[in-house]
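Please open the structure in a viewer and keep the sequence at hand. The stops below may be selected in turn.

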Amino acid sequence: MNISHFVRIDRGHRGSVRHYVVHTHDPKFTLELEPDRDAPDRVGRGVIKRICVPNSWGGDYSQYNQILSAAQDFFAQSEAGDTSRR
């Protein structure tokens, strides 16, 4: 999985921050995550709150599991590099 296909977006919303990971190539999707406060680093791979996918995603769930797992890994790596929020 090519990690350059992912983009992280952090948006302030009513006093809190929402974290999104967007897969920019096919299949395009958006994953909303929140840091896992039970993880040792208080971020972990993130807890999935919402997934927005195209209707054509019905079917091969093992393939999508790999892509979603890569998105969570990207979230964890991008969070580790950003120390301004801690």
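The tour visits salt bridges and then a surface patch.

The model is predicted, so local features need pLDDT of at least 70 and side-chain atom pairs count only at pLDDT 80 or more, while totals for chains, interfaces and linings use all residues. Residues are numbered from 1 along each chain as its sequence is written, and side-chain values use heavy atoms, with hydrogens and water left out.

**First stop.** Select Arg50 and Glu32, which form a salt bridge with their closest N and O atoms 3.4 Å apart. Such a bridge is a side-chain nitrogen of Lys or Arg within 4 Å of a carboxyl oxygen of Asp or Glu. Arg50 lies in strand β4 and Glu32 in strand β3 (residues 29-34), so the pair ties together parts 18 residues apart in sequence. Strands (E, at least two residues) and helices (H or I, at least four) are DSSP runs, numbered from the N terminus. Glu32 is buried, at 2% relative accessibility, whereas Arg50 is partly exposed, at 43%. Buried means under 20% relative accessible area, exposed over 50%, and partly exposed in between (1.4 Å probe, protein chains only).

**Second stop.** Glu32, Glu34, Lys49 and Arg50 are linked in a network of salt bridges.

**Third stop.** Select Asp73 and Arg45, a salt bridge with closest N and O atoms 2.8 Å apart. This pair links distant parts of the chain, with Asp73 in helix α1 and Arg45 in the loop between β3 and β4, 28 residues apart.

**Last stop.** Select Val53, in the loop between β4 (47-52) and α1 (61-80). Val53 is partly exposed, with a relative accessible area of 35%.
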